[in-house]
Amino acid sequence: ELLSVGEAPVLLEPLAGRVVLFLSDRVLHQVRPALAPRVCFTFWIDGRTVNADDDVLLRSRHLSAWKGDDGTLDVARALHMLRQSPLQRSVSR
């Protein structure tokens with residue numbers, strides 16, 4: 001199940017021969033319980049540019065970027081930015 005801040009979850013049914021690839025540090029997700037045997041392979045590729053503190057820790061610059069022209073929170077802007085950032089994991093918890 002793929003989850004996106006402010007949007008409905010996307011349920012991906014397990015199908016024989018289906019491959020699902022996504023950036024797990026950018027896409028909220030969860031594995032749903034299996035009702036039949038299945039096989040899953042997970043590959044983690046990590047590096048200096050993945051999960052840096054500026055990506056996963058909420059900072060005042062993030063909050064400032066979410067302000068509208070009138071200085072109040074612009075929800076649409078915040079959701080748009082969160083959907084493209086690994087920061088969504090921290091905020092969703």
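Student: As which does Arg-32 count: buried, partly exposed or exposed?
Tutor: Start with the relative accessibility of Arg-32, which is 40%. Buried means under 20% relative accessible area and exposed over 50%, with partly exposed in between (1.4 Å probe, protein chains only). At 40%, then, Arg-32 counts as partly exposed.

Student: What kind of model is this?
Tutor: Residues are numbered from 1 along each chain as its sequence is written, and side-chain values use heavy atoms, leaving out hydrogens and water. Local features need pLDDT of at least 70, side-chain atom pairs count only at pLDDT 80 or more, and totals for chains, interfaces and linings use all residues, since the model is predicted.

Student: Which residue meets Arg-32 in a salt bridge?
Tutor: A salt bridge is a side-chain nitrogen of Lys or Arg within 4 Å of a carboxyl oxygen of Asp or Glu. For Arg-32, the N to O distance is 3.0 Å, and the partner is Glu-1.

Student: How many residues apart in sequence are the parts that this pair ties together?
Tutor: Arg-32 lies in the loop between β2 and α1, and Glu-1 in the segment before β1. Helices (H or I, at least four residues) and strands (E, at least two) are DSSP runs, numbered from the N terminus. So the separation of the tied parts in sequence is 31 residues.

Student: Is Glu-1 buried or exposed?
Tutor: Its relative accessibility is 17%. Therefore Glu-1 counts as buried.

Student: How far apart in space are Leu-12 and Arg-32?
Tutor: Leu-12 is found in the loop between β1 and β2. Leu-12 and Arg-32 are 20 residues apart in sequence, and their C-alpha to C-alpha distance is 9.8 Å.
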